[in-house]
Amino acid sequence: MTRTTLDLTGLKCPLPALKTRKALKPLQPGDQLEVHCTDPLSVIDIPNLIRETGDTVEITERNGARIVFLIEKIDGSIEKTNGALRT
């Protein structure tokens with residue numbers, strides 16, 4: 001299990017969600033992605049993204065403008081499921 005940190009402070013919607021999605025793709029099941037944001041909409045966008053991917057997320061820190069998400073990559077994500085439906 002590895003933990004990767006992604007600093008997205010200063011970026012505005014939709015960039016935090018898009019960059020988070022891109023950073024999740026190469027991760028292996030059990031790996032964690034720690035995402036640092038300042039965009040207030042990220043508290044909506046990132047959990048919605050994670051609901052789509054099938055991974056897990058929690059907000060580990062929220063003080064002032066800083067929001068930190070801890071995302072764990074789960075085996076059998078929605079991307080694999082969608083791929084199975086297309087074949």
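**A loop and the sheet around it**

Modeller: Leaving aside residues up to four places away in sequence, Ala-65 touches Cys-37 and Thr-38, where contact means heavy atoms within 4.5 Å. This is a predicted model, in which local features need pLDDT of at least 70 and side-chain atom pairs count only at pLDDT 80 or more, while totals for chains, interfaces and linings use all residues. Residues are numbered from 1 along each chain as its sequence is written, and side-chain values use heavy atoms, with hydrogens and water left out.

Ala-65 sits in the loop between β3 and β4; helices (H or I, at least four residues) and strands (E, at least two) are DSSP runs numbered from the N terminus. With a relative accessibility of 48%, Ala-65 counts as partly exposed, a class that lies between buried (under 20% relative accessible area) and exposed (over 50%), computed with a 1.4 Å probe on protein chains only. Asp-39 is 26 residues from Ala-65 in sequence, yet their C-alpha atoms are 7.4 Å apart in space.

From this loop we can turn to the strands. Cys-37, one of the residues that Ala-65 touches, stands opposite Ile-67 in β4. Strand β4 (residues 66-72) is joined to β2 by six bridges, and the two run antiparallel; strands are taken as paired if DSSP finds at least two bridges between them. On the other hand, β1 (residues 3-8) and β2 (residues 32-37) run parallel, and six bridges join them, with Leu-6 having Val-35 in β2 as its bridge partner. Between these two strands the chain passes through helix α1 (residues 15-24), and this β-α-β crossover is right-handed, which means that, with the strands pointing away from the viewer, the path from the first strand over the helix to the second runs clockwise.

Taken together, four strands form an open sheet with mixed pairing, in the order β1-β2-β4-β3. Because β1 and β3 (56-63) stand at the edges and each has a single partner strand, one side of each is left without a neighbour in the sheet. From one strand to the next the twist averages 20°, axes being lines fitted to C-alpha atoms (for helices over the stretch in contact) and angles running from 0 to 180 degrees between N-to-C directions.

Both helices meet this sheet. Helix α1 packs on it, touching β1, β2 and β4, and its direction makes about 160° with that of β1. Helix α2 (residues 42-53) lies across β2, β3 and β4, and runs at about 5° to β4.

Within the fold, the largest nonpolar core has 13 residues, of which Leu-33, Val-35, Ile-46, Phe-69 and Ile-71 touch the most other members; such a core is a set of buried Ala, Val, Leu, Ile, Met, Phe, Trp, Tyr and Cys residues joined through side-chain atoms within 4.5 Å. The elements giving two or more residues to this core are β1, β2, α2 and β4. Beyond residues up to four places away in sequence, Leu-33 has contacts that include Leu-6, Ala-23, Phe-69 and Ile-71.
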